[in-house]
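Here is a short report on one protein chain. Keep the 3D view open as you read.

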Amino acid sequence: AGRTLVAGARRDGMTLFCVTLNAPSDWADHTALFDWGFACYQARPLAGAGERVGQLPVSGGLAPVCPVETGEDLVAALTPEERVEAVYELNEASLAAPVVRGAQVGEVIYYVNSKELARLPLKAGRSVSDIRAQGGGFRLWRSVCKN
């Protein structure tokens, strides 16, 4: 590969990396490539950890639904013209209690121009206890409330 240079640069909150192999003017090439990259791309936040994206029904739980949240932050370097499509894939159409906060319930897949950009986990946003674990007093309360 000859002389190899790997460099990173940060401007306005966006970090870009550049790699050249056997380039006679590697420092000048990197400077030009970084200037081009920062001029043509912008850091676009696509997801924030803990961001609510929906909810799932919960069977047998003390709560009827559980919020679904993104599990991680995602920022992508994109041109202003690039459009991002998010596809949400869930492990199941509903959850069964007990549900543990932070349990993975699916993933969100981001596409740019029909090409996969990134995958993030989808997590249960809160814990949901099982009705059966609450004992007979809870069942009695439900019976009284129904009458």
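The hairpin of S1 and S2 has 2 residues between its strands, and in it aspartate 12 takes a positive phi near 50 degrees. S1 and S2 pair in the antiparallel sense, over 8 bridges. Two strands count as paired if DSSP finds at least two bridges between them. Look at valine 6: its bridge partner in S2 is valine 19. Strands (E, at least two residues) and helices (H or I, at least four residues) are DSSP runs, numbered from the N terminus.

This is a predicted model: local features need pLDDT of at least 70, side-chain atom pairs count only at pLDDT 80 or more, and totals for chains, interfaces and linings use all residues. Residues are numbered from 1 along each chain as its sequence is written, and side-chain values use heavy atoms, with hydrogens and water left out.

Helix H1 covers residues 26–40, which makes 15 residues. From its first C-alpha to its last it reaches 21 Å, close to the 21 Å expected at 1.5 Å a residue. That expected span is 1.5 Å times one less than the number of residues.

Which residues of H1 are buried? They are Asp26, His30, Phe34, Gly37 and Phe38. They cover an arc of only 95 degrees around the axis, so they sit on the same side of H1. The arc is taken from the directions from the helix axis to the C-beta atoms. Buried means under 20% relative accessible area, exposed means over 50%, and partly exposed lies in between (1.4 Å probe, protein chains only). The buried residues of H1 pack against strand S1 (4–11) and strand S2 (14–21).

## Histidine 30 up close

Histidine 30 lies in helix H1. It counts as buried because its relative accessibility is 2%. Leaving out residues up to four places away in sequence, histidine 30 touches Leu5, Val6, Ala7, Cys18, Val19 and Thr20. Contact here means heavy atoms within 4.5 Å. A polar atom of the histidine 30 side chain lies 3.4 Å from the backbone oxygen of leucine 5.

## Aromatic pairs

The structure holds 2 aromatic pairs. In one, the rings of tryptophan 36 and tyrosine 41 have centres 5.7 Å apart and planes at 70 degrees, so the pair is edge-to-face. Rings of Phe, Tyr and Trp (its six-membered ring) pair if their centres lie within 6.5 Å; planes under 30 degrees apart are stacked, over 60 edge-to-face, and the rest tilted. Tryptophan 36 is partly exposed at 48% relative accessibility. Tyrosine 41 is partly exposed too, at 29%.

## Strands S3 and S6

Strand S3 (residues 42–47) pairs with S6 in the antiparallel sense over 5 bridges. Alanine 47 stands opposite leucine 74 in S6. In a regular strand the side chains alternate between the two faces of the sheet.

S8 runs parallel to strand S4 (residues 52–59), joined by 2 bridges. There, valine 58 stands opposite leucine 95 in S8.

Notes: A polar contact is a pair of N or O atoms within 3.5 Å; within protein, one must be able to donate a hydrogen and the other to accept it, and residues adjacent in sequence count only if both atoms are side-chain atoms.
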